[in-house]
Amino acid sequence: DESGIPGTEIAAELRKHDISDLKLPAMFLSSDCIYGNIAEDNVDNIKDVNTTYRGNGISGRLFISKFYSKEIIPPIDFHNTTSYSQAEELSVNGLTVFVIEQGDVCSIAYQNNLTQYIMYLDTDFSDAVEIAKTI
């Protein structure tokens, strides 16, 4: 059995990094999802946390940025992506969620209050949209 942090424990692990009120798709909170080590970086008024994950045949990276002032938050829309093959804007539980396909990687990006989430998934666009709907 490979070691790592199961999705069922990721909220508790991220609280140690001052990330609370976690809003993630259901897959990321399941016991099938295993996280690698969590890296934290504090720059100016931003706390960046990132980790790798794998589960349900999908793997990638999860980035969470917590801002301490709304004045410094960059727009989340397509995360300033200039080249993408498909993009869709969804409304999920009151959040505006962007699903973006760039080559063979998709990303899901959204913001909840002062916290931005970006996850990269090695899956196709339609699966990424379905995953995004479970936030």
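**Notes on the predicted model**

1. Apart from residues up to four places away in sequence, Thr123 touches Ile58, Asp104, Cys106 and Ala128; contact here means heavy atoms within 4.5 Å. The place of Thr123 is the loop between strand S9 (115–121) and helix H2 (125–132). Helices (H or I, at least four residues) and strands (E, at least two) are DSSP runs, numbered from the N terminus.

2. This is a predicted model, in which local features need pLDDT of at least 70 and side-chain atom pairs count only at pLDDT 80 or more, while totals for chains, interfaces and linings use all residues. Residues are numbered from 1 along each chain as its sequence is written, and side-chain values use heavy atoms, with hydrogens and water left out.

3. Is Thr123 buried or exposed? Thr123 counts as buried, because its relative accessibility is 12%; buried means under 20% relative accessible area, exposed over 50%, and partly exposed in between (1.4 Å probe, protein chains only). The side chain of Thr123 also makes a polar contact with the side chain of Asp127, at 3.4 Å. A polar contact is a pair of N or O atoms within 3.5 Å; within protein, one must be able to donate a hydrogen and the other to accept it, and residues adjacent in sequence count only if both atoms are side-chain atoms.

4. His17 sits in another loop, between helix H1 (10–15) and strand S2 (34–35). His17 counts as buried, at 16% relative accessibility. Its side chain makes a polar contact of 2.5 Å with the side chain of Glu40. Beyond neighbours within four places in sequence, His17 is in contact with Ile38, Glu40, Lys47 and Val49.

5. Strands S3 (residues 39–43) and S4 (residues 46–55) pair in the antiparallel sense over five bridges; two strands pair if DSSP finds at least two bridges between them. Val43 has Ile46 of S4 as its bridge partner. The two strands form a hairpin with two residues between them, and Asp44 in the turn has a positive phi of about 50°.

6. The whole structure holds zero disulfides, a disulfide being a pair of cysteine sulfur atoms within 2.5 Å. Cys33 is buried, with a relative accessible area of 0%, and Cys106 is buried at 1%.

7. There are three aromatic pairs. Rings of Phe, Tyr and Trp (its six-membered ring) pair if their centres lie within 6.5 Å; planes under 30 degrees apart count as stacked, over 60 as edge-to-face and the rest as tilted. Phe63 and Tyr120 are edge-to-face, because their ring centres are 5.9 Å apart and their planes are at 85°. This pair links distant parts of the chain, with Phe63 in strand S5 (residues 58–67) and Tyr120 in S9, 57 residues apart. Phe63 is partly exposed at 29%, and Tyr120 is partly exposed at 30%.

8. The largest nonpolar core has 33 residues, and Leu24, Phe28 and Ile108 have the most contacts inside it. A nonpolar core is a set of buried Ala, Val, Leu, Ile, Met, Phe, Trp, Tyr and Cys residues joined through side-chain atoms within 4.5 Å. H2 gives the most to this core, with five residues. A second, separate core of five residues includes Ile76, Ile100, Ala109 and Ile118.
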